[in-house]
Every structure is written in structure tokens, then in C-alpha cells.
Amino acid sequence: MKIFLIGLMGSGKSYWAHKAGKSLGIPAFDLDKEIEEAEDKTIAEIFAEKGESYFRLKENEMLKTFADKENFILATGGGAPCFHDNMEWMNANGITIWIDEPLAMIAARLQQGKAHRPLIANVADENLEDFFYQMREKRKPFYSKAKYHLNGGHLTEKHFIEILSLYE
């Protein structure tokens, strides 16, 4: 079982990958953390030193390394589905789940750690929710290709287990 979690930054992809992976007894990975380890730099440093285009290429390369892995859950970066046909690749190679949390919840979660997130580092707190609205609208054509769409802000492990039990 290959599971790919997609959605905006701050939607809980890493959290849910860990929780669902533990429940299912399969390893959980975070694509951004895998890139940071491979590059020996933070995502913010990669963006600052080499730019977004370089990062998106590395993201695509790292994503494709999961082709040879079996039984995992991967939290992707928020933009991963939107570049280099990554969404099509994930759909062809596994189960995709779009985690679509309320924008106010995402903005509140990310206010404290903005400096570590290059795309929002310079966005004023009062503009975060609008920024996420615009980002979600831009990314919706990609996110909406996910096989499953979980939204509402009240996700539980049960939601993931119900979806994934269809594939066991």
C-alpha cells in the first residue's frame, strides 16, 4: 500500500502520516524531511540559496525514489502535486488523499513558525488566511485529482482507516 497525503502547508499531512502509519503498522515519511536530509539543508535554506525551481526538481527526484518502496505513507510538501506531473505520478502509483483543513485553522497553526516556511515568511499574520485562500484556489486543480478528499477540520484516525481498509 502506497499512500500519498497532499494539501496546503499546515494542513496536518505530517501529523496524519505519523498517526495513520502507526495505526496501520507501516512506515511514515515526510517528503520535505527526506529532501532536507539528502541536501543537508533546511527547506528555507534550499529556497534561499538555490531557489524554488531547484527545490521543485529535488522534490520530484525524491518523490520518485518511493517507486521502489512498498507499504508506506508519505506526507508531501504542499506544492509537490503541482509540479513535474507529480500528481499524476502519485495517482498512478498509490492512493492519494487531499487533507483540506479550514484556512483559519491553518493560518493559526502556522503563525508561530513562519520563518521556517519560505512561501509565507514575509506574509503579515493578518494576511495569512487570504494568502492560503489564494494558494488553495491556485492548487485546487491539482489537489482535486486526489482519489480521496478529507475536509472539515475534525479529522480522526478513523477517516484514514476507513479509506485505507478498502485497499487491504
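## Close-up views of a predicted model

**View 1. Strand E4 is largely enclosed by the rest of the structure, because six of its six residues are buried.** Buried means under 20% relative accessible area, exposed means over 50%, and partly exposed lies in between (1.4 Å probe, protein chains only). Helices (H or I, at least four residues) and strands (E, at least two) are DSSP runs, numbered from the N terminus. This is a predicted model: local features need pLDDT of at least 70, side-chain atom pairs count only at pLDDT 80 or more, and totals for chains, interfaces and linings use all residues. Residues are numbered from 1 along each chain as its sequence is written, and side-chain values use heavy atoms, with hydrogens and water left out. Ile95, Ile97 and Ile99 point one way from E4. Thr96, Trp98 and Asp100 point the other way. Both sets are buried.

**View 2. Five strands form an open sheet with parallel pairing.** The strand order is E2-E3-E1-E4-E5. Two strands pair if DSSP finds at least two bridges between them. Strand E2 (28-30) and strand E5 (148-151) stand at the edges. Each has a single partner strand, so one side of each is left without a neighbour in the sheet. From one strand to the next, the twist averages 20 degrees. Axes are lines fitted to C-alpha atoms, for helices over the stretch in contact, and angles run from 0 to 180 degrees between N-to-C directions.

**View 3. Strand E4 (residues 95-100) pairs with E5 in the parallel sense.** Four bridges join E4 and E5. Trp98 has His149 of E5 as its bridge partner. Ile97 stands opposite Tyr148 in E5. E4 also pairs with E1, again in the parallel sense and over four bridges. There, Phe4 has Thr96 of E4 as its bridge partner.

**View 4. Helix H2 (residues 31-39) lies across E2 and strand E3 (72-75).** H2 runs at about 65 degrees to E2. Leu31 touches Glu59, Met62, Leu63, Phe66, Leu74, Ala75, Thr76, Gly77 and Ala80, not counting residues up to four places away in sequence. Contact means heavy atoms within 4.5 Å.

**View 5. The structure holds nine aromatic pairs.** Rings of Phe, Tyr and Trp (its six-membered ring) pair if their centres lie within 6.5 Å; planes under 30 degrees apart count as stacked, over 60 as edge-to-face and the rest as tilted. Phe4 and Phe72 form an edge-to-face pair, 5.6 Å centre to centre with 80 degrees between the planes. This pair links distant parts of the chain: Phe4 lies in strand E1 (residues 2-6) and Phe72 in strand E3, 68 residues apart. Phe4 counts as buried because its relative accessibility is 0%. Phe72 is also buried, with a relative accessible area of 1%. Tyr15 and Trp16 form another edge-to-face pair, 4.9 Å centre to centre with 85 degrees between the planes. Tyr15 is partly exposed, at 47% relative accessibility. Trp16 is buried, at 8%.

**View 6. Phe4, Phe29, Phe66, Phe72 and Trp89 form one aromatic cluster.** The charged end of Lys69 sits over the ring of Phe29, 5.9 Å from its centre. The charged end of Lys69 also sits over the ring of Phe66, 4.8 Å from its centre. A charge sits over a ring if NZ of Lys or CZ of Arg is within 6 Å of the ring centre and within 35 degrees of the ring normal.

**View 7. The largest nonpolar core has 32 residues.** Such a core is a set of buried Ala, Val, Leu, Ile, Met, Phe, Trp, Tyr and Cys residues joined through side-chain atoms within 4.5 Å. Leu31 and Phe132 touch the most other members. E1, H2, helix H3 (43-64), E3, helix H4 (86-93), helix H5 (103-110) and helix H6 (128-143) each supply at least two residues. H3 gives the largest share, six residues. Apart from this core lies another, of 16 residues, among them Ala17, Ile73, Ile97 and Phe160.

**View 8. Asp40 and His84 have positive phi values.** Most residues other than glycine have a negative phi. Asp40 has a phi of about 55 degrees. Asp40 sits in the loop between H2 and H3 and is exposed, at 69% relative accessibility. For His84, phi is near 55 degrees. His84 is found in the loop between E3 and H4 and is partly exposed, with a relative accessible area of 40%.
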